[in-house]
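The sequence and the model are shown below.

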Amino acid sequence: MSYITDIPHFDGVLAPGVKLPAPAKRMIEFLGRVVSAASAVKPGQATVTDIACMKGTGKKGCQGAAEFVVVADKIKWRFSGCSNDGVISN
Ligand SMILES: [Zn+2]
């Protein structure tokens, strides 16, 4: 599954008191981790992280970790253990 996200849309959604479904919250937290990791690497440099898949890492979950590359103002990410991938802009 591919996720195309525009980070400013998430401003404030994790503020205290805001109720979100757990999967949405996991997704947003995941994206936040990728964005902060990506801010520390050079554009074009593929980076493997230890960020766990938002599917979870249990028996039925995904054993993969996130990989990403920063291209221009976008972050392309994917997991080594499943078909989840996406692009984060801004
Ligand atoms: Zn996965």
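## Overall arrangement

Read from the N terminus, the elements of the protein chain follow the order β-α-β-β-β-β, which amounts to one helix and five strands. The radius of gyration of the protein chain is 13 Å, close to the 12 Å that the globule rule gives for 90 residues, so the chain is as compact as a globular protein of that length. The model is a predicted one, and its C-alpha atoms, taken along the principal axes, fill a box of roughly 35 × 35 × 20 Å. Buried residues make up 11% of the 90 residues in the protein chain. Of the contacts in the protein chain with a separation of 6 or more, 42% are between residues 24 or more positions apart.

## Strand 3 and its partners

Strand 3, which spans residues 65-71, pairs with strand 2 as well as with strand 4, and the table sets out the two pairings.

| Pair | Residues of the partner strand | Sense | Bridges | Partner of glutamate 67 |
|---|---|---|---|---|
| Strand 3 and strand 4 | 74-79 (strand 4) | antiparallel | six | arginine 78 |

In strand 3 the covered face holds Ala66, Phe68 and Val70, whereas Ala65, Glu67, Val69 and Val71 belong to the uncovered face.

## Cysteine 53 in the loop

The loop between strand 2 and strand 3 contains cysteine 53. Is this residue buried, partly exposed or exposed? Cysteine 53 counts as partly exposed because it has 19 C-beta neighbours inside 10 Å, and a residue is buried only if 20 or more such atoms lie within that distance.

Once its neighbours within four places in sequence are left aside, cysteine 53 is in contact with Gly61, Cys62, Gly64, Phe79, Gly81, Cys82 and Asn84. Methionine 27 is 26 residues away from cysteine 53 along the chain, and the C-alpha atoms of these two residues are separated by 9.2 Å.

Technical notes: Residues are numbered from 1 along each chain as its sequence is written. This is a predicted model: local features need pLDDT of at least 70, side-chain atom pairs count only at pLDDT 80 or more; totals for chains, interfaces and linings use all residues. A residue is buried if 20 or more other C-beta atoms lie within 10 Å of its own, exposed if 12 or fewer, and partly exposed in between; C-beta atoms are placed from the backbone. Helices (H or I, at least four residues) and strands (E, at least two) are DSSP runs, numbered from the N terminus. Two strands pair if DSSP finds at least two bridges between them. Two residues are in contact if their C-beta atoms, placed from the backbone, lie within 7 Å. The radius of gyration is taken over C-alpha atoms; the globule rule is 2.2 Å times the number of residues to the power 0.38.
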